[in-house]
Structure formats: structure tokens, C-alpha cells
Amino acid sequence: MSSHSSKHPPANPEPLCARVERIIGRFGFEGVQVSSDQSWHVTLTGTVDEINDRALVVAIARTTPGVTVVRSEITLTKQN
């Protein structure tokens, strides 16, 4: 049973940047913020401990459905 009375398509109502940030947060990266200046482009900002963490956050963002471009401005809190 489907309703055709809705004026909006049955798309995910959560904005892309909020979805990416929520998924990244599930992995424990609470210091990372996500913004979007275009529909499919996201920018990651904030801090992570190590370079491997930064690579993981970028990979998570890239594999989120709807994302086509990821720009990382994440800085490291620990220097090797």
C-alpha cells in the first residue's frame, strides 16, 4: 500500500552532510564535522588523532550513498 498524496518524493529526508556526519560519529569520530556546498560534495573538518584515522573518515564519507566528492580539511592532533 503506497500513498501518492505526498507532495515530496520518497527520498531520504536527512541532508547528505547530516547523514555522513552521523555515520562517521558511529565510528567514534566525534571531532569531525561535515558540510556541503553542493548536492554531492562534502567537506570534512575537525580533528582526528592519527593519519590512519583521517584516511578512514575520508573512506567512510566517500562510500556514503549520494557522495561523489570529498574534500578533507581534517587536521591531526598527534604528530609522529
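Visitor: In which element is threonine 43 found?

Guide: Threonine 43 is found in strand β2. Elements are DSSP runs, numbered from the N terminus: helices are H or I runs of at least four residues, and strands are E runs of at least two. This is a predicted model, in which local features need pLDDT of at least 70 and side-chain atom pairs count only at pLDDT 80 or more, whereas totals for chains, interfaces and linings use all residues. Residues are numbered from 1 along each chain as its sequence is written, and side-chain values use heavy atoms, with hydrogens and water left out.

Visitor: Is threonine 43 buried or exposed?

Guide: Buried means under 20% relative accessible area, exposed means over 50%, and partly exposed lies in between, with a 1.4 Å probe and protein chains only. Threonine 43 has a relative accessible area of 7% and is therefore buried.

Visitor: Which residues is threonine 43 in contact with?

Guide: Contact means heavy atoms within 4.5 Å. Leaving aside neighbours within four places in sequence, threonine 43 is in contact with Gln33, Val34, Ser35, Arg71 and Glu73.

Visitor: Which side chain makes a polar contact with that of threonine 43?

Guide: A polar contact is a pair of N or O atoms within 3.5 Å; within protein, one must be able to donate a hydrogen and the other to accept it, and residues adjacent in sequence count only if both atoms are side-chain atoms. The side chain of threonine 43 is joined to that of arginine 71 by a polar contact of 3.3 Å.

Visitor: In what sense do β1 and β2 pair?

Guide: Two strands pair if DSSP finds at least two bridges between them. For β1 and β2 the sense is antiparallel, over 4 bridges.

Visitor: Which residues form the covered face of β1, and which the uncovered one?

Guide: Val32 and Val34 lie on the covered face of β1, while Gln33 and Ser35 lie on the uncovered one.

Visitor: How is the span of helix α2 to be read?

Guide: The expected span of a helix is 1.5 Å times one less than its number of residues. Helix α2, residues 51-62, has 12 residues and reaches 17 Å from its first C-alpha to its last, close to the expected 16 Å.

Visitor: Which residues of α2 are buried, and why do they line one face?

Guide: The buried residues of α2 are Val57, Val58, Ile60 and Ala61. Seen down the axis of α2, they fall within an arc of 160°, so they line one face of the helix. The arc is that of the directions from the helix axis to the C-beta atoms. Turned away from the buried side is a face that carries the exposed residues Asn52 and Arg62. Cover for the buried residues of α2 includes α1 (16-26), β1 (32-35), β2 (41-48) and β3 (69-76).

Visitor: Against which elements do the buried residues of α1 pack?

Guide: They pack against β1, β2 and α2. The buried residues of α1 are Leu16, Arg19, Val20, Ile23, Ile24 and Gly25. Just after α1, glycine 28 takes a positive phi of about 95°.

Visitor: Where does threonine 64 lie, and which residues does threonine 64 touch?

Guide: Threonine 64 lies in the loop between α2 and β3. With a relative accessible area of 4%, threonine 64 is buried. Apart from residues up to four places away in sequence, threonine 64 touches Arg19, Val20 and Ile23.

Visitor: Which residues does aspartate 49 touch?

Guide: Aspartate 49 lies in the loop between β2 and α2 and is partly exposed, with a relative accessible area of 37%. Not counting residues up to four places away in sequence, aspartate 49 touches Leu76, Thr77 and Lys78. The side chains of aspartate 49 and threonine 77 are joined by a polar contact of 2.9 Å. Aspartate 49 and leucine 76 are 27 residues apart along the chain, and their C-alpha atoms are separated by 5.4 Å.

Visitor: What pattern does the protein chain follow along the sequence?

Guide: The pattern is α-β-β-α-β, with 2 helices and 3 strands. Of the 80 residues in the protein chain, 28% are buried. Among contacts with a separation of 6 or more, 54% are between residues 24 or more positions apart.
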